Number of protein chains: 2
Amino acid sequence: MLPFTEQDRSIAEALAAHHAAVGAAFERQLASDLPPVNVLCRHVERYRGKMLRPTMVFLSGMACGAVGPKHVLVAATCEMIHMATLVHDDVLDEAEIRRKGHTVNHLRGNEVAVMLGDYLISNAFHLCSQAGDPALNLRLGEVTNTLCEGELVQLHHREDLSLDERTYFEIVRRKTAVLIGACCEMGARLSGAPEATIDALGRFGEGLGVAFQIQDDLLDLEGREEVVGKSLGRDIEKGKLTLPMIVHLARAGGADRAAAIEAIRSRDGAALIGMLHASGAIAEARARAEGIVAESRRELAHVPAGPARDALDAAAVAIVHRDF
Amino acid sequence: MLPFTEQDRSIAEALAAHHAAVGAAFERQLASDLPPVNVLCRHVERYRGKMLRPTMVFLSGMACGAVGPKHVLVAATCEMIHMATLVHDDVLDEAEIRRKGHTVNHLRGNEVAVMLGDYLISNAFHLCSQAGDPALNLRLGEVTNTLCEGELVQLHHREDLSLDERTYFEIVRRKTAVLIGACCEMGARLSGAPEATIDALGRFGEGLGVAFQIQDDLLDLEGREEVVGKSLGRDIEKGKLTLPMIVHLARAGGADRAAAIEAIRSRDGAALIGMLHASGAIAEARARAEGIVAESRRELAHVPAGPARDALDAAAVAIVHRDF
């Protein structure tokens, strides 16, 4: 995802080595003595794709000092938490495709997917506990509590056509942004950064997370499944209002509003996307994501200059311009 | 569940106080700033019933020394892990009734139940992390890994009519017994017991857990829903072979075996139960549970004599004689 230039070559190489260490931690952690469990774990390992969360832990750490084994543990833990949410989200969304392959729920049924997600959550906490640092466990527990709250509130608002922007942003902050913010914060803290830098990186990551989710919602609306690599159109199918729809409903009056509501109720994605384009709601949602990224990038002024900070900056830009 | 005599009055009173502390820890831990989340948590708090796991933590602790705040944290954590498994098990079993009320999946749908279970798992780890004791986190992570493995292997063997006793006992050990064993072990360890006593109590609890699960399986076959208070007949409905069925299939020949397989395949619970009674398979499963309890009780010889040890012994007997 990161567009590395010639000068960042050293960053790219360091990241590749750290990502390999995360992969090794995954293999070690998920090795079970039970063959049916191993088959499932090998399947979900294919879900590791963008490695956004480990990247944020490592780049934040590298920007603030040295990166060590605790960074690898935290990065692997956050990626495993993320994979658990993917497995359970696919159950909730009845998704069939993930990373260009079949989802666990599609291949093996919802029951196996529910238990496999639980197994990943449990292993994530077990992995994190190996750092022997109670503050890390406490922080990650707090983050996953918040993440689940975001998902629960989102479910509570399914089919809620009066969902407002404030609630939408609160859901997104909790379910997506808090984990990415914590990756930056913990990466910096483990490298011995001062509190002001840790806080700035936490805010940077949280902003990035919000923008990332808006971009995800845009891709769910108008991405191409063969490029994005996962089931799309799930938000409309599941009655989940996202930013473009909220913006559109807030600004549309009379017949336009009624037509949009009818398209949402009847799951008519094509008609809805046409309306969201015509009213400028999609363009506005994209602009909001770009505005949030611009604001987040300003937080990097509190971070020591250097190639790792440049890479964080490049990652922020890439997040709203990705098409996968 | 425990039949206290006049002499154990002090144990009963101490347990009641400790259980109240667990209740308070639950309320504190699950208090969210989000009303929809609170409504769900209040609903599942009704699932706290027998409090078997906290009881094992406290009695094991009391038998070995003093009981303190860490016992309360561990007891509340184990009960919360147990509640999370109930919420997800009810999704897997499509159960409608739990503790004489409706299940979350029945009332609010599978999606909410999946996320609420995740929220409880996450809160359990967050709660446990508050003890500031990395060894506890590591041990509990190990226990929940094993628990999920047990559930995954059980799912793997659904509709498997060749499931043997060895695999059945391995599933039961992992999905039920290991957590109850860990409750006894951790309770003793936190009270400063010597390793030999900790190990004996661990084995005691694990045996109890196996017997508990066999009794649960027997109640699922022939309990009365209004007494047990939860949906029954789920094992047959879900193609889950339990000990009486395994014993029966192993000993029945020719036409008897074919008839039993036909009853299992066609979900004909009444016919199957008739066969299991006639062949003595139900009586044998009950005898096995009683044998395991007798063996477990012998482990108590390694535990200091006193009213707490007597209460552990009484709990062991009660577990195979309960009808709820």
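**View 1. Two copies meeting through the same surface.** In this predicted model, 100% of the interface residues of chain A are also interface residues in chain B, so the copies meet through the same surface. Here 37 residues of chain A are in contact with 37 residues of chain B; being in contact means that the C-beta atoms of two residues, placed from the backbone, lie within 7 Å. On the side of chain A that touches chain B, helix 2 (35-45), helix 4 (69-93), helix 6 (110-129) and helix 7 (134-156) of chain A each supply at least two residues. The largest share of that side, 14 residues, comes from helix 7 of chain A. Sorted by class, the side has 19 nonpolar, 13 polar and five charged residues. (Nonpolar covers Ala, Val, Leu, Ile, Met, Phe, Trp, Tyr, Cys and Pro; charged covers Asp, Glu, Lys and Arg; the others, Gly among them, are polar.) Helices here are DSSP runs of H or I with at least four residues, strands are runs of E with at least two, and both are numbered from the N terminus.

A quick note on reading the labels: residues are numbered from 1 along each chain as its sequence is written, while chains are lettered from A and ligands numbered from 1 in the order in which they are written. As this is a predicted model, local features need pLDDT of at least 70 and side-chain atom pairs count only at pLDDT 80 or more, but totals for chains, interfaces and linings use all residues.

**View 2. Around the rotation axis.** Turn chain A by 180 degrees, with a shift of 0.0 Å along the axis, and it can be laid on chain B with an RMSD of 0.0 Å. That is the relation of a two-fold axis. Which residue of chain A comes closest to the rotation axis? A:Pro134 does, with its C-alpha at 2.9 Å.

**View 3. Helix 4 beside helix 8 in chain B.** The axes of helix 4 (residues 69-93) and helix 8 (residues 165-190) of chain B come within 10 Å and cross at roughly 175 degrees. Helix 4 of chain B and helix 8 of chain B are therefore roughly antiparallel to each other (angles over 145 degrees count as that). Among the residues that meet are B:Val74 and B:Ile81 from helix 4 of chain B, and B:Leu179 and B:Met186 from helix 8 of chain B. The residues of this contact divide into seven nonpolar, three polar and one charged.

View 4. Buried or exposed? B:Asp89 counts as buried, with 21 C-beta neighbours inside 10 Å, whereas B:Pro69 is exposed, with 12 other C-beta atoms within 10 Å. (Buried takes 20 or more other C-beta atoms within 10 Å, exposed 12 or fewer, and partly exposed is in between; C-beta atoms are placed from the backbone.)

**View 5. Two loop residues of chain A with positive phi.** A:Met51 lies in the loop between helix 2 and helix 3 (52-64) of chain A, and its phi is near 55 degrees. A:Met51 is partly exposed, with 19 other C-beta atoms within 10 Å. For A:Lys100, phi is near 65 degrees.

How values were computed
Copies are superposed by least squares on the C-alpha atoms of residues with pLDDT of at least 70 in both. Axes are lines fitted to C-alpha atoms, for helices over the stretch in contact, and angles run from 0 to 180 degrees between N-to-C directions. Angles under 35 degrees count as roughly parallel, over 145 as roughly antiparallel, 65 to 115 as roughly perpendicular and the rest as oblique.
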